[in-house]
Amino acid sequence: MTITPILVAQIVLTLFVFVMLLNSAAIMVYVERKVAALIQQRLGPYLVGPKGMLQPLADVVKLMFKEELRPKAADAFLFALAPIISATCAFAAFAVVPFGAETTFFGLLNEPIKLQVADVNVAVLVIFAIASMGVYGIVLAGWSSNSKYSLLGGLRSSAQMISYELSYGMALASVLLVGNSLSLTDIVNHQAGAWWHVLPKWFVFVQPVGFLIFMTAGIAETNRAPFDFPEAEQELVAGYHTEYSSMSFAMFFLAEYINMVTVSAVATDLFLGGWHGPLIPESFGWIWFLIKVGALLFFYVWMRWTLPRYRYDQLMAFGWKILLPLSVVNLLVTAAGVLYFGA
Amino acid sequence: MGLFYLFAAVSVLASLLVIAQRNPIYSVLLLIASFGALSGLYVLLDAPFVAVIQIIVYAGAIMVLFLFVVMLLNAPHEETEYDERVHPLLRPGPMRFGGLLAIALVLELVWALTKGGESGPFANGAVSSVATIGRLLFTEYAFAFEVTSVLILAAMVGAVVLARREEWR
């Protein structure tokens with residue numbers, strides 16, 4: 001294999017995405033705490049660095065120097081493997097997410113490359129597949145800890161994820177019908193332009209129900225409030241990661257935040273027109289992408305501090321009796337619409 | 001070609017280990033690994049759609065349910081109710097039936113492998129395009145497709161009936 005500028009650019013891009021995902025987790029920790037403080041009329045972190053901005057750094061250092069503990073009765077191999085599965089799946093899912101138009105980096109390269117780690121023509125399904133693999137991290141963590149709280153957390157989480165994965169998939173499928181492709185890049189490009197020069201051609205306007213289902217199921221999939229049952233602290237101490245400490249705990253933490261970023265990024269690509277938007281030229285489309293993802297992430301945090309946690313039976317009833325039928329109806333209506341009006 | 005042997009080796013090894021060790025959780029995980037390797041083989045066959053579906057349906061959905069059940073029963077080791085020194089074919093009835101099935105499977109595999117047939121990527125990307133698969137599924141293989149769905153429906157009805165047995169009396 002010869003080393004071409006394109007190859008180098010691709011490797012740099014991949015590393016860049018990796019580092020940015022790590023950073024996004026740090027930023028999200030800070031934002032989460034600051035927004036929580038704002039909503040609850042507190043100050044939040046303010047001691048480390050200007051306005052407490054170096055707090056995530058201090059947290060990381062603290063996590064690194066904590067003692068790594070393992071229960072005596074735990075299954076050593078799986079106990080070590082579980083956080084690795086979680087973190088790996090979180091990173092891997094973002095690999096197929098495009099976050100900008102093709103670019104030559106201001107003429108640095110001879111031919112443009114896509115702002116995306118891997119362009120797969122079944123990208124949407126790949127994300128779905130990796131998300132379904134990520135469940136194993138949590139389930140195995142729950143089982144291998146050999147602790148009641150962890151096991152209950154793991155079982156809850158697997159039941160919850162299986163229940164909401166169906167609605168999640170159905171919502172995805174209805175967007176695929178409208179976009180007529182399985183490639184995220186194609187779907188984003190399908191949303192370029194505007195109707196009557198005013199309303200952007202985003203799928204959220206074609207698929208409002210699909211967007212709501214996707215976001216609801218996405219919150220359930222990432223185990224965030226108000227669906228954070230796997231780690232409901234009042235009942236389960238900390239759920240599946242009760243027995244974890246130090247960096248293996250940090251890996252679960254990291255995975256949760258990166259999953260949030262990935263779900264937001266996928267929602268942006270599927271429903272909010274990806275990097276397309278007014279005013280900013282297409283080569284700087286990633287700015288729009290960042291703004292949209294940021295808005296969705298803020299929405300996540302906002303939800304957490306606004307809504308109380310549901311009861312577990314309410315969560316299950318909502319998933320199976322409301323969300324799933326709704327998503328099936330939405331899929332059928334979409335299919336009929338695509339058949340009638342053409343894609 | 002190197003990738004093929006890698007995936008094939010992982011798949012075969014993992015499958016053997018599934019039955020070779022006694023902890024059901026590890027069996028489930030090894031089966032997932034085997035499915036993952038199979039999906040790698042599908043990618044090499046230029047069928048990314050089938051590969052991803054393999055992961056979503058088998059490694060994702062079905063195996064999570066397996067794991068769920070194993071965890072609920074919380075059985076760290078298989079219970080052995082028979083003498084392990086006795087040859088499988090000389091053990092009680094169900095065991096002997098299992099042994100016969102295994103022999104039948106080996107014979108079938110030998111037959112299938114010696115029969116030969118075409119290998120390598122399919123012509124004109126028949127399995128790589130989702131549209132093609134969909135069209136084939138709803139035209140040429142419509143009958144098999146519908147029969148499969150009725151079979152799954154029957155299994156679902158059966159599960160519900162078994163789960164609610166008390167109320168039916």
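Q: How are H1(A) and H11(A) oriented to each other: roughly parallel, roughly antiparallel, roughly perpendicular or oblique?
A: In this predicted model, local features need pLDDT of at least 70, side-chain atom pairs count only at pLDDT 80 or more, and totals for chains, interfaces and linings use all residues. Residues are numbered from 1 along each chain as its sequence is written, while chains are lettered from A and ligands numbered from 1 in the order in which they are written. Helix H1 (residues 5-39) and helix H11 (residues 285-306) of chain A, with helices taken as DSSP runs of H or I of at least four residues, pack with their axes 10 Å apart at an angle of about 45°. Angles under 35 degrees count as roughly parallel, over 145 as roughly antiparallel, 65 to 115 as roughly perpendicular and the rest as oblique, and therefore H1(A) and H11(A) are oblique.

Q: Which residues of H11(A) make the contact with H1(A)?
A: Residues are in contact if their C-beta atoms, placed from the backbone, lie within 7 Å. On the side of H1(A), the contact is made by Met28(A), Val31(A), Glu32(A), Val35(A), Ala36(A) and Ile39(A). The partners on H11(A) are Leu297(A), Val301(A), Trp302(A) and Trp305(A).

Q: Is Asn330(A) buried or exposed?
A: Asn330(A) lies in helix H12 (residues 312-341) of chain A, and, leaving aside its neighbours within four places in sequence, is in contact with Ser174(A), Val209(A), Gly210(A) and Ile213(A). A residue is buried if 20 or more other C-beta atoms lie within 10 Å of its own, exposed if 12 or fewer, and partly exposed in between. Because Asn330(A) has 21 C-beta neighbours inside 10 Å, this residue counts as buried.

Q: Which helix of chain B gives the most to the side that touches chain A?
A: Across the two chains, 15 residues of chain B are in contact with 18 residues of chain A. With 13 residues, the element of chain B that gives the most to this side is helix H3 (residues 48-73).

Q: How many residues of chain B's side that touches chain A are nonpolar?
A: Ala, Val, Leu, Ile, Met, Phe, Trp, Tyr, Cys and Pro count as nonpolar, Asp, Glu, Lys and Arg as charged, and the others, Gly among them, as polar. On that side of chain B there are no charged residues and one polar residue, and the number of nonpolar residues is 14.

Q: What percentage of the residues of chain B count as buried?
A: Chain B has seven helices and zero strands. Of its 169 residues, the share that count as buried is 15%.

Notes
Helix = DSSP H or I, 4+ residues; strand = E, 2+ residues; numbered from the N terminus. Axes fitted to C-alpha atoms, helices over the stretch in contact; angles between N-to-C directions.
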